[in-house]
Amino acid sequence: MALLEVKDLRISYETGGGRLAAVGGVSFEVSEGETLAVVGESGAGKSSLSLGLMRLLPRNALSPEGRVFLDGVECLSLSEEEFRKQVRWKKLSMVFQGAMDSLHPVRRVGDQIAEPLLLDGRTDKTAAFGRVAELLSLARLPTDISRRYPHELSGGMKQRVMIAMALACSPKLVILDEPTSALDVIIQAQIMNLLKQLKRDLKLGSLFVTHDLALASDLADRIAVMYAGEFVEIGTAEQVLGSPRHPYTKKLLGSIPSLYDDRRPEFIPGTPPKMTSPPAGCYFSPRCPEACELCSTHPELIVCGTGQHARCHLVIES
Ligand code: SF4
Ligand code: MG
């Protein structure tokens with residue numbers, strides 16, 4: 001059984017410009033210990049998907065539709081209190097985009113990591129601080145930083161603290177929302193190495209959300225490409241990177257600079273559609289070099305390999 005099973009999840013917002021469909025019917029599974037990367041441009045719906053799974057959507061969001069099973073428990077029908085007691089941080093946690101700057105400036109790092117452990121009153125202070133030491137070592141941080149304040153740490157160390165916090169209650173699945181986007185390239189590589197170690201040592205499953213397909217390839221077992229609130233392609237990392245079927249995936253791959261030939265990275269002309277008024281037919285059609293008459297109707301996901309699916313009329317079912 002899959003650890004996480006998401007069925008036809010839909011998330012919309014009420015905005016001044018009308019109703020905005022941020023996530024338009026997304027289905028996928030993540031197995032224990034597996035990393036599914038969700039890749040797409042900003043505004044594709046990746047953060048809405050993450051926040052929806054954590055049930056931390058902003059107030060102008062309508063109640064999500066669909067089904068979300070985590071470890072067999074249907075999460076969307078739990079009350080907020082049940083979800084907080086049973087799921088959030090315990091089974092499913094998250095490293096938020098840009099969150100390393102949200103550490104409390106005048107509280108010691110160790111106290112902040114201990115907080116989720118002390119919240120439900122089941123762990124006493126001694127046990128909590130024992131766990132903090134374990135978590136710091138898991139995040140490859142020296143234990144004496146426990147007594148330091150956030151301003152005494154580098155950006156990379158702060159991000160390790162955020163990862164330690166996300167692991168505090170030993171969740172089976174962590175959502176990593178652009179976990180390295182604010183870091184320079186060398187620190188980014190160190191954080192990616194840490195995430196790989198955690199995946200291997202803890203058998204930690206993750207939903208790795210990024211705009212960077214090259215980065216996704218570093219950690220992902222499978223990759224889902226998201227465009228305008230939908231998955232337009234999903235498959236193993238090998239399938240999506242090695243034989244992409246959707247024109248958008250091909251464009252994303254073409255936009256990665258190559259070290260091995262002098263091909264110039266191509267940029268993708270145009271911008272993603274406004275989801276208050278999506279285009280008729282295929283959402284990618286205004287930017288698609290392969291668009292034809294067929295594309296005036298909205299394509300479904302088509303199976304095009306073992307476990308590979310693409311949402312395009314030109315894909316041949318196999
Ligand atoms: Fe392009 Fe048409 Fe395929 Fe959409 S359905 S991706 S417009 S070819
Ligand atoms: Mg985002």
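Leu 36 stands opposite Arg 222 in strand S9, strands being DSSP runs of E of at least two residues and helices runs of H or I of at least four, numbered from the N terminus. The model is predicted: local features need pLDDT of at least 70 and side-chain atom pairs count only at pLDDT 80 or more, whereas totals for chains, interfaces and linings use all residues. Residues are numbered from 1 along each chain as its sequence is written, and chains are lettered from A and ligands numbered from 1 in the order in which they are written.

Strand S3 (residues 35-39) is largely enclosed by the rest of the structure, because five of its five residues are buried (20 or more other C-beta atoms within 10 Å of the residue's own, with C-beta atoms placed from the backbone). The buried residues Thr 35, Ala 37 and Val 39 cover one face of S3, and the buried Leu 36 and Val 38 cover the other. S3 pairs with S9 (residues 222-227) in the parallel sense over four bridges, pairing requiring at least two DSSP bridges between two strands. A parallel pairing over five bridges joins S3 to S8 (residues 205-210), where Phe 208 is the bridge partner of Ala 37.

In an unreviewed UniProt entry, residues 4-253 are annotated as "domain: ABC transporter"; such annotations may be inferred rather than shown by experiment. This span is 36% helix and 26% strand, and its end C-alpha atoms lie 28 Å apart.

The residues surrounding ligand 1 include Pro 247, Cys 282, Cys 288, Cys 295, Cys 312 and His 313, the criterion being a backbone-placed C-beta atom within 6 Å of the molecule.

Definitions and conventions. A residue is buried if 20 or more other C-beta atoms lie within 10 Å of its own, exposed if 12 or fewer, and partly exposed in between; C-beta atoms are placed from the backbone.
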